[in-house]
Amino acid sequence: MSKVRSVGRPAALVLGGAFVTIALIGLGLAGTWRERTDADRIRLDPENAALVAQGREIYRDACASCHGAALQGQPDWQRRNADGRLPAPPHDASGHTWHHPDALLFALTKQGPAALMQDRTYVSDMPGFADTLSDRDIVAVLSYIKSTWPPEVRARHDAINARAAGG
Ligand code: HEC
């Protein structure tokens, strides 16, 4: 758990004052994820052009309706809706997707956020994709997402992965 929590810290440094609050929201969420997956061997591959092309199509079909065609997320995504649920966050560099190591991104997509929360009453608008996407599809779509990040954000994500694997 501390492994997951520690990933928010460099993010706060990078994003700076105005975005610290957002980073902390990410941190609070990430701190409560429960890792119930053997997905540690999962590695995104944003350099693999064929995989990324496949992932782009999967993104358009399965993710864009909520996370936005340009990965921009839903408007006002930091604020909970009236029903207490979170809007879909962006998957571009302005969001906190890149704060999470590969294995956690994989688990979030495969099982859905609610299944990973310790709080069993937690409700999310995001479904799990275990029944509709193969593991390879999930790696493809997440590799596509990573391929859109600027080089310095990808490098930071690589470091987060290295820490998650080593710590
Ligand atoms: C029906 C709307 C919807 C669809 C479709 C959807 N998501 Fe989400 N997603 C959400 C919401 C809402 C959240 C916010 C987390 C929560 O509710 O707990 C989220 C969160 C996430 C997160 C966590 C991001 C973070 O910064 O913590 C990941 C990763 C993610 N989605 C990936 C995907 C991928 C990949 C797809 C397509 C295969 C997808 N989502 C499709 C609604 C959706």
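View 1. With 21 C-beta neighbours inside 10 Å, L71 counts as buried (20 or more other C-beta atoms within 10 Å of its own; 12 or fewer is exposed, anything in between is partly exposed, and C-beta atoms are placed from the backbone). L71 is not a glycine, yet its phi is positive, at about 60 degrees. The loop that holds L71 runs between α5 and α6. Helices are DSSP runs of H or I with at least four residues, strands are runs of E with at least two, and both are numbered from the N terminus. The model is predicted: local features need pLDDT of at least 70, side-chain atom pairs count only at pLDDT 80 or more, and totals for chains, interfaces and linings use all residues. Residue numbers start from 1 along each chain as its sequence is written.

**View 2. D76 is an exposed residue in the loop between α5 and α6.** D76 has 9 other C-beta atoms within 10 Å and is therefore exposed. Its phi is near 55 degrees, a positive value in a residue other than glycine.

**View 3. The largest nonpolar core.** This core has 22 residues, of which F106, V141 and L142 touch the most other members. A nonpolar core is a set of buried Ala, Val, Leu, Ile, Met, Phe, Trp, Tyr and Cys residues joined through C-beta atoms within 7 Å. Each of α4 (49-62), α6 and α8 (135-147) supplies at least two of its residues. The largest share, seven residues, comes from α8.

**View 4. The packing of α4 against α8.** The axes of α4 and α8 are 7 Å apart, at an angle of about 95 degrees. Axes are lines fitted to C-alpha atoms, for helices over the stretch in contact, and angles run from 0 to 180 degrees between N-to-C directions. The contact residues include L51 and Y59 of α4 and V141 and Y144 of α8; two residues are in contact if their C-beta atoms, placed from the backbone, lie within 7 Å.
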